[in-house]
Amino acid sequence: MQKVRLADIAQKLGVSTVTVHNALSGRKGVSDQMRAKILKTAKEMGYESAPASKKKKETEKMWNIGVLIAENYLAQHATYYWKMYQEFALAAVEKQCYTTIEALKKEAEVNTLEIPGAFRGKNIDALAVIGEIDTRYLQKLRQEMQMPLVFLDFYNVEIANDAVVADNFHAMYQMTELLFAQGLEDLAFVGSIDATSSIMDRFCGFMKAMITHHKTIADEWMIRDRDEMGNIGFELPEYMPQAFVCNCDLVAGMLIAKLEAAGYRVPEDISVVGFDNFTYPGYTKTKITTYEVDMKAMTKTALDKILKQLRSPGRSRSMDVISGHIRWKNSVKMK
């Protein structure tokens, strides 16, 4: 008989695996009604907890890992980084760790530099920051929180050497070469290159392909996609390129919607590529040719880095680059 897993119980009840784990382990954050329902379902399905010999010793620490995400990554479009957190939390459950998530308010990030109360004292053992935030705030974190610190989906080697990022440079080089292979040479880049290290690296990959093909980019085809507060918004250029290279799928979807509203067809008139392979509903029905970020591998690697720091505080640290895959869809005009 196949062993019943936490994921099986979660699927039957339509809740997350994290919720099931918290309910069965007596953790907070689950209502009494839901906890009773989960316990009843687990019993009915024949769920058995790990034998005592396989459980952690009572004296062994069960790590609580804090997760910090800036609110501007969760406000208008709460999908990509929320999904990344869910993957991280699931990886933590597998390692019998807990997670405590906090949204970083913009006022705290750029003005007060206040550390969330849930992270103070001995409430957490380590901290993962998902998505790039203000450097001054990162410095404050480093100064006040003497604990393992890992950055996920960005890096800052001056503050923390442990980071996990997608293969932004080489991946965007590949995406741009894909366009050249289809005979598309007049290219625009959409992304504020000074906003995050990820966008900068993707732009550098784009420029490597442009230089390789002896191409330059017109000023009007260097399109900023967000302001200093992270609010996304941009306008179409007056003169259109053959293709747009977008720093993420959210921007690619918004761009396609703007092109279609202006009377252009994608990909018949103009081609578009994105990055991350995450669907943002409400912008376009066009399936975007993109580079898929391996979110599972990134989050598991980040968690492993944290656990290694906790178990061996003096270990050397590094930035890990995780490769993904090109996903051909229908936003690029084929030869």
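This is a predicted model: local features need pLDDT of at least 70, side-chain atom pairs count only at pLDDT 80 or more; totals for chains, interfaces and linings use all residues.
Helices here are DSSP runs of H or I with at least four residues, strands are DSSP runs of E with at least two, and both are numbered from the N terminus.

Residues are numbered from 1 along each chain as its sequence is written, and side-chain values use heavy atoms, with hydrogens and water left out.

Pro267 sits in the loop between helix 9 and strand 9, residues 271–273. The peptide bond leading from Val266 into Pro267 is cis. Its omega is near 10°.

Who touches that proline? Ser331 does, for one. By contact I mean heavy atoms within 4.5 Å. Skip the neighbours within four places in sequence, and Ser331 is in contact with Val266, Pro267, Ile270, Ser271, Val272, Thr286, Lys287, Ile288 and Thr289. Ser331 lies in the segment after strand 12, residues 325–327.

Is Ser331 buried or exposed? Cut-offs first. Buried means under 20% relative accessible area, exposed means over 50%, and partly exposed is in between, with a 1.4 Å probe and protein chains only. Ser331 comes out at 0%, so it counts as buried.

Next, the core. A nonpolar core is a set of buried Ala, Val, Leu, Ile, Met, Phe, Trp, Tyr and Cys residues, joined through side-chain atoms within 4.5 Å. The largest one here has 110 residues. Which members touch the most others? Leu127, Leu141, Phe206 and Phe244. Helix 4, residues 80–94, gives the largest share of this core, with 9 residues.

Take Phe244. Beyond four places in sequence, its contacts are Ala188, Val190, Ile223, Pro237, Leu255, Leu259, Ile270, Ser271, Val272 and Val273. Now follow one of them, Leu255. Leu255 belongs to helix 9, residues 249–261. It is buried, at a relative accessible area of 1%. Leu255 and Val272 are 17 residues apart along the chain, and their C-alpha atoms are separated by 8.4 Å.

Now helix packing. Axes are lines fitted to C-alpha atoms, over the stretch in contact for helices, and angles run from 0 to 180 degrees between N-to-C directions.

Helix 4 packs on helix 10, residues 295–311, at about 55°. The axes are 9 Å apart. Angles under 35 degrees count as roughly parallel, over 145 as roughly antiparallel, 65 to 115 as roughly perpendicular, and the rest as oblique. Helix 4 and helix 10 are therefore oblique to each other. In helix 4, Tyr80, Lys83, Met84, Glu87, Phe88, Ala91 and Ala92 meet residues of helix 10, among them Met295, Lys296 and Ile306. By class, that contact has 10 nonpolar, 1 polar and 4 charged residues. The classes: Ala, Val, Leu, Ile, Met, Phe, Trp, Tyr, Cys and Pro are nonpolar, Asp, Glu, Lys and Arg are charged, and the others, Gly among them, are polar.

Look at Glu87, in helix 4. It is buried, with a relative accessible area of 8%. Past four places in sequence, Glu87 is in contact with Met295, Lys296 and Thr299.

The second pair is helix 1, residues 6–13, and helix 2, residues 17–24. Their angle is about 110°, and their axes are 8 Å apart. That makes helix 1 roughly perpendicular to helix 2. The contact of helix 1 with helix 2 has 6 nonpolar, 2 polar and no charged residues.

Asp153 is not a glycine, yet has a positive phi of about 80°. Asp153 is in the loop between strand 4, residues 149–152, and strand 5, residues 163–166. At 5% relative accessibility, it counts as buried. Asn277 is not a glycine either, and has a positive phi of about 60°. Asn277 lies in the loop between strand 9 and strand 10, residues 290–292. Its relative accessible area is 21%, so Asn277 is partly exposed.
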